[in-house]
Amino acid sequence: MRLFVLNYARTTEQLEFSAPYTYDSALQLNVLADGRVAAHDQGLMRELGATTSTAGSKTHFDD
């Protein structure tokens with residue numbers, strides 16, 4: 001028996017994306033190349049909505 005939902009399920013596209021920030025384990029924050037905290041960059045927050053941790057979960061805006 002095939003589940004009904006599998007008749008409509010589609011695979012998602014994998015988009016190539018490189019984040020403009022890296023994780024700093026000492027600060028435990030995502031930081032930009034110039035050392036600023038990524039969550040403080042308003043333009044970045046408008047564009048991405050949130051920074052993503054290395055675990056792949058969404059972090060808080062006050063990260």
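Tutor: Helices (H or I, at least four residues) and strands (E, at least two) are DSSP runs, numbered from the N terminus, and on that basis the elements of the chain run β-β-α from the N terminus on. This is a predicted model, in which local features need pLDDT of at least 70 and side-chain atom pairs count only at pLDDT 80 or more, while totals for chains, interfaces and linings use all residues. Residues are numbered from 1 along each chain as its sequence is written, and side-chain values use heavy atoms, with hydrogens and water left out.

Student: What makes Leu32 count as buried?

Tutor: Buried means under 20% relative accessible area, exposed over 50%, and partly exposed in between (1.4 Å probe, protein chains only). Leu32, which is found in strand E2, has 11% relative accessibility and therefore counts as buried. Across the chain, buried residues make up 22% of the 63 residues.

Student: Which residues does Leu32 touch, leaving aside those up to four places away in sequence?

Tutor: With contact meaning heavy atoms within 4.5 Å, Leu32 touches Pro20, Tyr21, Ala38, Asp41 and Leu44.

Student: What else does the side chain of Asp41 reach?

Tutor: Asp41 lies in the loop between strand E2 (29-32) and helix H1 (42-48), and its side chain reaches the backbone nitrogen of Leu44 at 2.9 Å. A polar contact is a pair of N or O atoms within 3.5 Å; within protein, one must be able to donate a hydrogen and the other to accept it, and residues adjacent in sequence count only if both atoms are side-chain atoms.

Student: Why is the aromatic pair of Phe4 and Tyr8 called tilted?

Tutor: The structure holds one aromatic pair. The rings of Phe4 and Tyr8 have their centres 5.3 Å apart and their planes at 55 degrees, so the pair is tilted. Under the definition, rings of Phe, Tyr and Trp (its six-membered ring) pair if their centres lie within 6.5 Å, and planes under 30 degrees apart count as stacked, over 60 as edge-to-face and the rest as tilted. Phe4 counts as exposed because its relative accessibility is 62%, and Tyr8 is exposed because its relative accessible area is 57%.

Student: What is noted about the phi of Gln28?

Tutor: Most residues other than glycine have a negative phi. Gln28 has a positive phi of about 60 degrees although it is not a glycine. Gln28 sits in the loop between E1 and E2, and Gln28 counts as exposed because its relative accessibility is 55%.
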